[in-house]
Each structure stands twice: as structure tokens, then as C-alpha cells.
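This briefing turns to side-chain contacts and backbone geometry, grouped by topic. Please keep the sequence and the model at hand while reading.

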Amino acid sequence: MNAMSEQHPQLHLERPIVFFDLETTGTNPQRDRIIEFSFLKIHPDGKEEVLNSYVNPEIPIPAESTEVHGITDEDVASAPTFAIIGKEVAAFIENSDLAGYNCSRFDIPLLAEEFLRAEIPVDLRTNRRVVDVQTIFHKREQRTLVAAYDFYCDKVLEEAHSAEADTRATYEVLRGQLYKYQDLPNDVKALDAYTHFTRNVDYAGRFVYDENDVEVFNFGKHKGRPVMEVLRREPSYYNWMMESDFPRDTKHQLTRIKMRLDNQSVTEHH
């Protein structure tokens, strides 16, 4: 690590934060699968822990994806499936905040789908802050991760699109951003607020919170209407969505809202 990197401030942490990166079969969080992951946990005392692995996606890796990250079907043939290794991932990120590069739009939604597909109960939202390093970069400089690494760390990113290299580079870039922008808050709560740019209820944004923090539809004929109101007046809409090709996370959030409605109805009848 060069002199500039050594000068970069350490994060002010109240609890661990996990930087992570996923290599995948493609770019659709709803349908694509993880084929490699790297998690770097930074503890408040500066201690680091790493969890890396190939993952067998149980579907073929498209040639165009292999051209990006260099991972082939043969590379992951003997790797564990996410259903097998997912519990280890869940334990690793438990009680930790999350950080990544473009993680809010891609990595976290895809990771959530993998947990739901494997029926591993992990809540990536509640009581968990997220720092998207790309958002800081785009708000300040409008560049890519390779350029960000060069700009903030004065180093060339070797092995770009390797999950481990990209994960550690993301951590170093955030420290570089804290060094360069003295007005950038150095705590995860404030960074979460700075990099959070949606009011989405689900990762796909089919539901959003309105100005009163009420879940409303963000698509279709019911756009702008409260989800609970629609489900109360048109119960069949729930069944239609559950049987349609929506992400698992969207269906999970819809079911959560419906359960709240059902409980409310039971209370009203007593």
C-alpha cells in the first residue's frame, strides 16, 4: 500500500461493515445467479475477515459473461451451490452493515433473490445500513471502479472483475474518498443516508414509500395507490402478482404487506 493509502482515514464504525462483490451469470438480479463472491468484513477495531468462494449456479454461464470475468462452467463445476454455502454467507454478514460498488442496484437485489431461492431467512433491509461507494463516486466524479481506484488511490486495479480484487478496491476507494472529501461524513449511518437514493419497498421498485411512508404501487393500473387499500378492495390482485413473473423479493414484500392487512382485519373483527 502506497503512502497515499496509508494516509486515508479509517472508517468510524459502531459495528462491523462487510464490503462485497459478486460475479454472476448475467446482469438481471431477478434471473441471474452468483458464480463467485468475496466478502471483506471490517471490524470497529480494524480487524479484517474474508470469505471468498466460487458458487455453482446450476445453470450455464453465458459466453458473454465469461468474457467479462473469465469464469467458466468448468471453474464452478465442483463448487458448492448457494443453497449449500448460503448459510455460511448469512452468518458472516449477520449484525453487519453492507458496502459495495453499485451494490444497491445490483449486488444486494441479486443476493436477496439467492437467499429467497434457497429459503434462507435473511433480512438485508431491517436494521442494516448500506454504503454504495459508486454513488459517492458518481455524485463527485462520474467514473468507473477502475478509474475510481486510479483517481482515489493512485494505483492500477489489477485483475478487475475478480470478486476479491474488486471488493478490496472498493474498500480502498471509500477510504480514499474520505481522505479527498473532508466534508464527507466518516460514519456508516451518514454514509448510508448519503448513498441511499430510492424510496423502494422492494429492490425492483414495484412498490415505493410515499411521503407518509405508506407502501404504494409504482407500476400498472394501481400506480400511486396504497398497496393495502388495493389488496383490501381487490384481493385477486395479490394472487395475480404471486403467479406472475415478479422477483421473489417483490412477492416477499407483497406477502408481508398482505399479512399485515390480514392481521388488521382480524383485529377489527374482534
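Is Asp262 buried, partly exposed or exposed? Asp262 is partly exposed, with a relative accessible area of 34%, where buried means under 20% relative accessible area, exposed over 50%, and partly exposed in between (1.4 Å probe, protein chains only). The model is predicted, and local features need pLDDT of at least 70, side-chain atom pairs count only at pLDDT 80 or more, while totals for chains, interfaces and linings use all residues. Residues are numbered from 1 along each chain as its sequence is written, and side-chain values use heavy atoms, with hydrogens and water left out.

**Salt bridges**

- The structure holds 13 salt bridges, a salt bridge being a side-chain nitrogen of Lys or Arg within 4 Å of a carboxyl oxygen of Asp or Glu.
- One of them joins Asp97 to Arg15, with the closest N and O atoms 2.7 Å apart; this pair links distant parts of the chain, since Asp97 lies in strand 4 (residues 97-100) and Arg15 in the loop between helix 1 (3-7) and strand 1 (17-24), 82 residues apart.
- Helices (H or I, at least four residues) and strands (E, at least two) are DSSP runs, numbered from the N terminus.
- Within that pair, Asp97 counts as buried at 2% relative accessibility, whereas Arg15 is partly exposed at 25%.
- Glu172 and Lys155 form another salt bridge, at 2.8 Å from N to O, and this pair too links distant parts of the chain, with Glu172 in helix 8 (residues 163-180) and Lys155 in the loop between helix 7 (145-153) and helix 8, 17 residues apart.
- Glu172 is buried, its relative accessible area being 9%.
- Asp262 also takes part in a salt bridge, meeting Lys258 at 3.1 Å from N to O; because the two residues are four apart in helix 12 (residues 248-268), they are separated by about one helical turn.
- Salt bridges that share partners join Glu215, Arg256 and Arg260 into one network.

**Aromatic rings and charges over them**

- The structure holds 14 aromatic pairs, in which rings of Phe, Tyr and Trp (its six-membered ring) have centres within 6.5 Å, and planes under 30 degrees apart count as stacked, over 60 as edge-to-face and the rest as tilted.
- The rings of Phe217 and Phe219 have centres 5.9 Å apart and planes at 70°, so this pair is edge-to-face, and both residues are buried.
- Trp240 and Phe246 are likewise edge-to-face, because their ring centres are 5.6 Å apart and their planes lie at 75°; Trp240 is partly exposed at 43% relative accessible area, whereas Phe246 counts as buried at 12%.
- Ring pairs link Phe207, Phe217, Phe219, Tyr237, Trp240 and Phe246 into a cluster.
- The charged end of Lys41 sits over the ring of Phe92, 4.6 Å from its centre, a charge being over a ring if NZ of Lys or CZ of Arg is within 6 Å of the ring centre and within 35 degrees of the ring normal.
- Lys258, the salt-bridge partner of Asp262, has its charged end over the ring of Tyr238, 5.1 Å from the ring centre.

**Positive phi**

- Most residues other than glycine have a negative phi.
- Asn102, although not a glycine, has a positive phi of about 65°; Asn102 is placed in the loop between strand 4 and helix 5 (103-117) and is partly exposed at 22%.
- Asn127 has a positive phi near 55°, is placed in the loop between helix 5 and strand 5 (130-132), and is exposed, with a relative accessible area of 67%.
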